[in-house]
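Work through the exercises below with the sequence and the coordinates open side by side.

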Amino acid sequence: MSLQRRLMIYLLVCAPLVWAAAVAISVNRSRHEVNELYDTELIRLARQIQATLLPSLPLQGRKRFPPLPQAGEPDSGEGDVRDLAVVVWDRNGTIVMSDREGESLPFNANAVGFLSTSVAGQPWRVYYMQSSSGQWLVGVGQGLYERDEVVYDLVASQILPWLLVLPMLLLAMAWAVRRALAPLHELTGNLLSRDAADLDAVPAAQAPTELKPLLSAMNSLFERIDGLLKRERRFTADAAHELRTPLAVLRAQWDVVKRSQSPDERRLAQQQMDEGLTRMDRLVTQMLALSRAETATAELLDAEVDWPRIVEQVMSDCLELANRRSIELACEWPASERPPMPLMGNTHLVTVLLRNLMDNAARYAPRCSTVLLRLGTAQLEVENQGGPLSAEQLAGFGQRFHRAPGQEEVGSGLGISIAQRIASLHGLEIVYDADPDAATVRATVRFAPVTSG
């Protein structure tokens with residue numbers, strides 16, 4: 001169900017309910033005001049009768065006064081007195097004065113004030129007033145149906161215009177809903193008209209306040225998707241470029257193997273082909289690792305990093321390379337049994353980060369040297385004797401497929417790029433520096449500074 005239809009249903013249901021509640025409140029308040037008005041008139045009439053008529057009546061030989069004018073008589077005008085009754089009793093309950101309806105009012109010698117009773121099967125409200133001497137009891141009554149008629153006439157005079165205006169009100173609300181939802185329709189049209197490659201931000205400056213969080217989230221999503229697509233395109237382009245050369249070399253070496261005549265020539269070609277396959281295998285492995293690192297998200301960083309377990313795994317993985325090049329792998333832990341660099345993250349990715357740094361240090365360190373892993377309480381360092389290096393060479397670290405010229409070891413130029421991506425994902429940074437005096441190169445992994453804004 002559309003949002004517009006849902007809003008219309010809510011309005012069509014709620015508006016009549018609120019209107020009905022208002023009518024009920026109006027009826028109740030109108031009845032209260034009408035009762036107050038007529039009760040006041042009954043009290044005033046009773047006092048007037050007691051003050052003006054009773055003192056003129058003799059105590060003996062009372063005669064009944066003529067009844068009050070009835071409806072339809074010449075002097076009644078537009079009034080209808082059939083719902084009004086007046087009666088005066090003496091202390092014995094004998095009627096000394098009344099109109100025609102007053103004869104039906106019940107006598108109650110001890111009654112004072114208002115009482116609700118039934119007269120001729122109709123509900124009446126009667127006001128009783130005792131004289132100061134106790135000789136007379138004045139009763140003034142009125143039929144409640146007359147009051148209800150007044151209440152309903154008053155309410156009807158208000159309801160009828162509202163009933164006539166209600167369809168116009170509903171149409172106005174429907175128009176208002178459509179106008180209020182116009183920005184949503186514009187946003188929908190904007191998105192439908194876009195090309196699949198159009199990931200530009202949706203303008204949010206003129207959008208309603210309620211839509212700005214949605215637009216901000218959409219623009220943030222577009223930005224992440226655009227970054228992901230750019231990384232995928234760059235990865236695909238780099239992969240196509242880097243795989244083309246080793247494949248061409250392998251094909252050429254395979255042709256040499258097929259055409260070789262002597263065993264020595266064939267053995268040399270096979271050796272070169274094995275090296276090419278090894279280089280290809282490493283390149284594909286590193287590219288897959290880079291792809292996983294590029295697509296990893298912060299939601300995966302939900303476990304505390306177990307450094308002893310990771311270091312043990314990394315040392316084991318790098319042992320074959322270290323033995324082949326006569327490299328000694330060493331590790332230093334924080335002093336005084338303090339825990340090493342606390343970090344929440346993904347154990348597999350942190351292992352790849354550290355393994356790439358150690359592998360890179362062991363691969364390009366001088367033979368028969370030492371690669372040192374130093375774990376501190378707030379950072380870790382990987383150090384080798386690969387220097388001295390210039391500032392330009394240090395600046396080239398982390399560039400994809402970049403390798404310094406003259407390297408004998410097989411490599412892809414992706415190890416440091418992968419390590420940097422994993423570090424960034426964990427809120428870390430990798431800083432490289434070289435000590436020209438000691439001819440050492442150091443890679444420091446530390447928490448990245450928080451930038452404001």
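**Exercise 1: the partners of α7**

Helix α7 passes α9 in a left-handed crossing, where left-handed means that the near helix is turned anticlockwise from the far one by less than a right angle, and right-handed that it is turned clockwise. The model is a predicted one, in which local features need pLDDT of at least 70 and side-chain atom pairs count only at pLDDT 80 or more, while totals for chains, interfaces and linings use all residues. Residues are numbered from 1 along each chain as its sequence is written, and side-chain values use heavy atoms, with hydrogens and water left out.

Task: describe how α7 packs with α9 (residues 415-425) and with α6 (residues 307-324).

Solution. Begin with the geometry of α7 and α9, which pack at an angle of about 145° with their axes 9 Å apart; axes are lines fitted to C-alpha atoms, for helices over the stretch in contact, and angles run from 0 to 180 degrees between N-to-C directions. Next, list the residues in contact (heavy atoms within 4.5 Å): on the α7 side they include Leu349, Leu353 and Leu357, and on the α9 side Ile418, Ile422 and Leu425 are among them. Sorted by class, this contact has 11 nonpolar, three polar and no charged residues, where Ala, Val, Leu, Ile, Met, Phe, Trp, Tyr, Cys and Pro count as nonpolar, Asp, Glu, Lys and Arg as charged, and the others, Gly among them, as polar.

Then turn to α6 and α7 (residues 347-364), whose axes are 9 Å apart and whose packing angle is about 30°. That angle makes α6 roughly parallel to α7, since angles under 35 degrees count as roughly parallel, over 145 as roughly antiparallel, 65 to 115 as roughly perpendicular and the rest as oblique. The crossing of α6 past α7 is right-handed. Among the residues that meet are Trp307, Val314 and Leu321 in α6, with Leu354, Met358 and Ala362 in α7. The contact of α6 with α7 has, by class, 11 nonpolar, three polar and five charged residues.

**Exercise 2: the helix α1**

Task: how does the span of α1 compare with the expected one, and which of its residues are buried?

Solution. First, α1 (residues 3-52) has 50 residues and reaches 72 Å from its first C-alpha to its last, close to the 74 Å expected at 1.5 Å a residue. Second, its buried residues (under 20% relative accessible area, with exposed meaning over 50% and partly exposed in between, for a 1.4 Å probe and protein chains only) include Met8, Val23, Val27, Val34 and Leu42. Third, the axes of α1 and α2 (residues 144-180) come within 10 Å and cross at roughly 160°, and the two helices are therefore roughly antiparallel to each other. In this pair, α1 passes α2 in a right-handed crossing, and the contact has 23 nonpolar, four polar and five charged residues.

**Exercise 3: positive phi**

Most residues other than glycine have a negative phi.

Task: where do Ala120 and Cys368 lie, and are they buried or exposed?

Solution. Ala120, with phi near 55°, sits in the loop between β3 (113-119) and β4 (122-130), and its relative accessible area of 79% makes it exposed. Cys368, with phi near 60°, belongs to the loop between α7 and β9 (370-375) and is likewise exposed, at 63% relative accessibility.

Terms used
Helix = DSSP H or I, 4+ residues; strand = E, 2+ residues; numbered from the N terminus. Expected span 1.5 Å × (residues − 1).
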